Amino acid sequence: MQNMIMTRLHAILFVTAVFAATLGCYTLMMHINSNHQQLQHRRRLSELESSSSDDHWTWDIPSILSRAKKKSSLSTQQPLRVLIITTSLVEYDKGTRGTTHGFDRLQHVVLPPLIDSVKSMTSHGWHVDVYLILGYKNLAPHRKQLIIDALPPGVGLEVWEDAIPLYYKNNFNKKRPRSDQAISNGDHALSRQHRFVLRDKLPYYDFFVAFEDDMRITADHVLEFLELSNDIYQLYKEAMSSSNGQEVAVVDNNVEQLPPTVVNRHKSNDGASVGNDIIHDPINVKHIQRLFPGLLRVEVLDRKSDHPLRKKGVLDNHRFVKECPPSSEAFRYNNEGGGESLLDPTICCDEHDPPRGKMTAHPTMEEVVMWETNIHATGVRKYPDPIGWVAAMPVEDRADVGSFWSGHKKEEANLKRPRRVDETIGNQAGFMATRSQIEYFHNTACPGGFLPPFDSKHWKGDSLQRHSVEFWSGGFQLFGQCYLNRILPLEPRRFEKHLIYHVSNNKQRTAPAKKMIRVGDFYGQIITVKERAKKFAKEMWSTELT
């Protein structure tokens with residue numbers, strides 16, 4: 001009898017267990033489906049988004065620009081809310097890439113440009129917070145206090161320590177890690193971590209400034225970025241309301257310029273959909289949406305007597321000086337015949353005496369140099385007002401919306417234009433953007449998205465495997481995969497606000513001398529290409545461009 005009772009009890013327990021397991025599986029599936037729905041919902045960054053991305057494309061720029069221009073104390077508008085995200089790998093320099101071993105990077109390299117940035121913005125009445133992403137294990141309390149004491153009152157500080165992600169090194173093509181393979185620090189992927197911060201903070205700020213730790217970005221840069229973004233937005237609105245197929249044309253001397261004849265137009269010899277002779281062609285909505293303000297990293301020559309770039313003639317004989325000499329229109333001349341660049345280095349690079357860190361005190365434009373691109377990779381184009389003449393920075397061929405390439409010659413139509421090439425891509429070491437621009441990157445422009453979770457097929461199993469620092473922070477994603485075309489206005493007072501100071505000042509001694517060029521000379525070469533473009537338009541299409 002006892003055995004019979006135990007058998008029945010076991011049967012009841014078994015049935016109960018099966019029922020519980022079934023219910024558990026059902027509940028688990030419901031939970032998984034719910035999580036899936038939540039995941040899909042989380043990928044929508046804003047409830048303002050609609051099925052048509054055109055409806056809200058960069059919708060916030062006009063209002064943000066308006067707020068940025070007004071002192072908060074004099075306006076009833078809410079102050080501009082800015083988050084500065086700075087990524088720093090080491091607290092003390094390692095002695096690599098032209099640095100000094102043990103040099104206090106935090107105090108002498110990171111803090112000076114950060115404090116300059118914050119103070120320039122709070123002086124406009126903007127509300128500014130700082131988020132530090134650190135590659136080192138911890139920030140000692142007294143070191144954190146050093147930062148807090150240097151920041152203006154009311155500026156928030158958040159720190160993410162030990163932020164380097166872990167990954168399986170060289171585990172390409174979805175191969176499973178070896179059984180004996182250990183995970184490694186992905187130092188190169190520290191530059192990706194700002195994307196997690198952006199995703200978390202996106203609803204709470206209007207504008208984001210995300211750069212490597214040795215870049216100086218001031219309110220002047222932000223205001224010019226917003227001005228040009230607004231110019232692009234106004235052009236977009238005009239094209240959306242036009243009656244000729246969402247295109248807008250250049251107007252010169254109060255005359256709308258007709259599209260250049262399709263006869264004898266240059267045909268692309270790479271993956272671009274347009275040729276290298278685009279000068280004043282009408283532009284459509286989709287191409288306008290690809291336009292984005294560009295930035296040029298620069299340094300100021302140090303004044304040590306042994307500087308190789310200060311030797312006579314070194315910077316005068318820069319690459320492509322014979323093929324494209326700087327235009328005299330880019331300089332002002334004195335009674336002795338000497339030329340001085342029309343550009344002013346004050347906004348990007350001015351520094352008091354004695355200088356902080358590795359910077360140079362009160363530089364002249366002759367001392368400001370660049371290395372990230374050159375005239376051979378650059379084009380020009382005249383856009384409809386309010387943009388006008390711009391320089392077109394390098395972009396992946398399939399993303400190009402068109403410009404007049406500096407190397408274009410109608411008698412040598414098969415010359416190859418530099419595209420996504422490391423030495424000419426124009427690494428920016430970061431980017432700035434409004435909330436709606438970041439939403440556009442993530443939801444529309446960038447395959448696989450711009451923000452986490454990076455789990456779509458586009459990333460091929462692991463986004464850390466295939467991409468370098470330059471992909472995440474330098475622009476290889478934005479200005480390659482995401483199809484954005486960077487432009488630089490050619491009016492001198494605007495152009496100089498697209499120059500950003502690399503305060504480590506180490507590239508001038510570590511990069512090949514042949515890559516270095518004075519920024520004033522590069523600007524002069526762009527003006528030369530503009531003059532050639534105007535001449536080309538007159539000869540080919542009898543079009544007089546101003």
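Helices (H or I, at least four residues) and strands (E, at least two) are DSSP runs, numbered from the N terminus. The structure is a predicted model, in which local features need pLDDT of at least 70 and side-chain atom pairs count only at pLDDT 80 or more, while totals for chains, interfaces and linings use all residues. Residues are numbered from 1 along each chain as its sequence is written, and side-chain values use heavy atoms, with hydrogens and water left out.

Let us begin with the whole protein. There are 14 helices and 23 strands. Of its 546 residues, 53% count as buried, where buried means under 20% relative accessible area, exposed over 50%, and partly exposed in between (1.4 Å probe, protein chains only). Contact here means heavy atoms within 4.5 Å. Among the contacts with a separation of 6 or more, 78% come from residues 24 or more positions apart.

Next, look for the empty space. Rolling a probe the size of a water molecule over the atoms shows where empty space is left. The search runs on a 1 Å grid over the protein atoms alone: a cavity is a set of points where a 1.4 Å probe fits but cannot get out, and a pocket is an open set with protein on both sides within 12 Å along at least five of seven lines. Lining residues have an atom within 4 Å of a point. Grid points are joined across faces, edges and corners, and a volume is the space filled by probe spheres set on the points.

The largest pocket holds about 1000 Å³ of space. It is lined by 39 residues, and Arg97, Glu212, Val469, Glu470 and Lys507 are the closest to its centre. Strand S1 (81-88), helix H10 (469-474) and helix H13 (507-510) are the elements that give two or more residues to this lining, and H10 gives the most, with 3 residues. To sort a lining by class, count Ala, Val, Leu, Ile, Met, Phe, Trp, Tyr, Cys and Pro as nonpolar, Asp, Glu, Lys and Arg as charged, and the others, Gly among them, as polar. The lining of the largest pocket then divides into 10 nonpolar, 13 polar and 16 charged residues.

The second largest pocket has a volume of about 430 Å³. Its lining has 18 residues, with Ser406, Gly407, His408, Lys409 and Arg532 nearest the centre. Two or more residues come from each of strand S19 (404-405) and helix H14 (519-541), and H14 gives the most, with 4 residues. By class, the lining of this pocket has 7 nonpolar, 4 polar and 7 charged residues.

The structure holds 7 cavities of 30 Å³ or more, and the largest cavity has a volume of about 110 Å³. Of the 14 residues that line the largest cavity, Ile84, Thr86, Ser117, Glu212 and Met215 are the closest to its centre. S1, helix H3 (105-122) and strand S6 (207-212) each give two or more residues to the lining, which has 10 nonpolar, 2 polar and 2 charged residues.

Between S1 and H3 runs a loop that holds Asp93. Asp93 counts as buried because its relative accessibility is 6%. Leaving out residues up to four places away in sequence, Asp93 touches Thr99, Thr100, His101, Gly102, Phe103 and Arg105.

A pair of helices is worth a stop too. Helix H2 (residues 61-69) and helix H6 (residues 219-240) have axes that come within 9 Å and cross at roughly 150°. Axes are lines fitted to C-alpha atoms, for helices over the stretch in contact, and angles run from 0 to 180 degrees between N-to-C directions. The contact of H2 with H6 has 8 nonpolar, 3 polar and 2 charged residues.

Finally, a few spots in the backbone. A cis peptide bond joins Asp353 and Pro354, with omega about 5°, and Pro354 lies in the loop between helix H8 (346-349) and strand S16 (368-370). His362, in the loop between H8 and S16, has a positive phi of about 40° although it is not a glycine. His362 counts as partly exposed because its relative accessibility is 45%. The peptide bond from Asp385 to Pro386 is cis, with omega near 15°.
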